[in-house]
Amino acid sequence: DVKVTQSSRYLVKRTGEKVFLECVQDMDHENMFWYRQDPGLGLRLIYFSYDVKMKEKGDIPEGYSVSREKKERFSLILESASTNQTSMYLCASSFPLVTEAFFGQGTRLTVV
Amino acid sequence: GESVGLHLPTLSVQEGDNSIINCAYSNSASDYFIWYKQESGKGPQFIIDIRSNMDKRQGQRVTVLLNKTVKHLSLQIAATQPGDSAVYFCAENSANTGNQFYFGTGTSLTVIP
């Protein structure tokens, strides 16, 4: 069974904290993605990576950074968390050709 | 940017009826489309996909129809069951968007027993 695993289901952080969201996939996928999901806005792409140490900005990268040191792991970093980053964060992975993406279960982050 | 939208944010159907969920897209170069189902508290799950060289594809109780002329995609669920209650997203991908997936805002399907 294919798996994308996000390290936390729920997180509560304080404004200004540095936050790390971790994602691991076991499918040897080259592509990995971070999305945030907000009511009425659907899924919006924050960053994606098509190879180790490679990254590309998505539609809403401001306030975020990413790290991909190993093929199976893709980390999303909130440099200084703000309340407008309260959201559901979804990690996904896929093969490089145009094909389906597999999602993790999501991390619901609340910044207070 | 890309625009992928859904006609209706919510849909209620009686158990046993067929459901139709619609999606419009704007990128005429889109060549791959997916429908995802997202249950409460879970990540999206793949339901069915279709490539732009096809008009129709069928799975188990689900059918996806693609009309490239009007850039419209639909998901049909036959004999809808309570377990089908979820939010459904369409997503599109194309080689010219660098493997990025663009998602619609979702339709919430409620099945009435």
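These legends walk through close-up views of a predicted model. Residues count from 1 along each chain as its sequence is written, chains are lettered from A and ligands numbered from 1 in the order in which they are written, and side-chain values use heavy atoms, with hydrogens and water left out. Since this is a predicted model, local features need pLDDT of at least 70 and side-chain atom pairs count only at pLDDT 80 or more, while totals for chains, interfaces and linings use all residues.

**View 1. The disulfide of chain A links A:Cys23 and A:Cys91.**
A disulfide is a covalent bond between the sulfur atoms of two cysteines; the cut-off used here is a pair of cysteine sulfur atoms within 2.5 Å. There are 2 disulfides over all chains, and in this one the sulfurs of A:Cys23 and A:Cys91 sit 1.9 Å apart. A:Cys23 belongs to strand 3 (residues 19-25) of chain A and A:Cys91 to strand 9 (residues 87-94), so the pair ties together parts that are 68 residues apart in sequence. Strands are DSSP runs of E with at least two residues, helices are runs of H or I with at least four, and both are numbered from the N terminus. The S-S torsion of A:Cys23 and A:Cys91 is about -80 degrees, so this disulfide is left-handed. A:Cys23 is buried at a relative accessible area of 0%, and A:Cys91 is buried with 0% too. (Buried is under 20% relative accessible area, exposed is over 50% and partly exposed is in between, with a 1.4 Å probe and protein chains only.)

**View 2. The disulfide of chain B links B:Cys23 and B:Cys90.**
Here the S to S distance is 1.7 Å. B:Cys23 is in strand 3 (residues 19-25) of chain B and B:Cys90 is in strand 9 (residues 86-93), so the pair ties together parts that are 67 residues apart in sequence. With 50 degrees about the S-S bond, the link of B:Cys23 and B:Cys90 is right-handed. B:Cys23 counts as buried at 1% relative accessibility, and B:Cys90 is buried at 1% as well.

A:Gln25 is buried, at 3% relative accessibility. Beyond four places in sequence, A:Gln25 is in contact (heavy atoms within 4.5 Å) with residues including A:Val4, A:Met32, A:Arg68 and A:Ser93.

**View 3. A:Asp38 pairs up with A:Arg36.**
Look for A:Asp38 in strand 4 (residues 31-38) of chain A. A:Asp38 is buried, with a relative accessible area of 12%. Its side chain makes a polar contact with the side chain of A:Arg36 at 2.8 Å. (A polar contact is a pair of N or O atoms within 3.5 Å; within protein, one must be able to donate a hydrogen and the other to accept it, and residues adjacent in sequence count only if both atoms are side-chain atoms.) Leaving out residues up to four places away in sequence, A:Asp38 touches A:Arg44, A:Thr86 and A:Ser87.

**View 4. Chain B has 11 strands and 0 helices.**
Of the 113 residues in chain B, 45% count as buried. Among the chain B contacts with a separation of 6 or more, 53% come from residues 24 or more positions apart.
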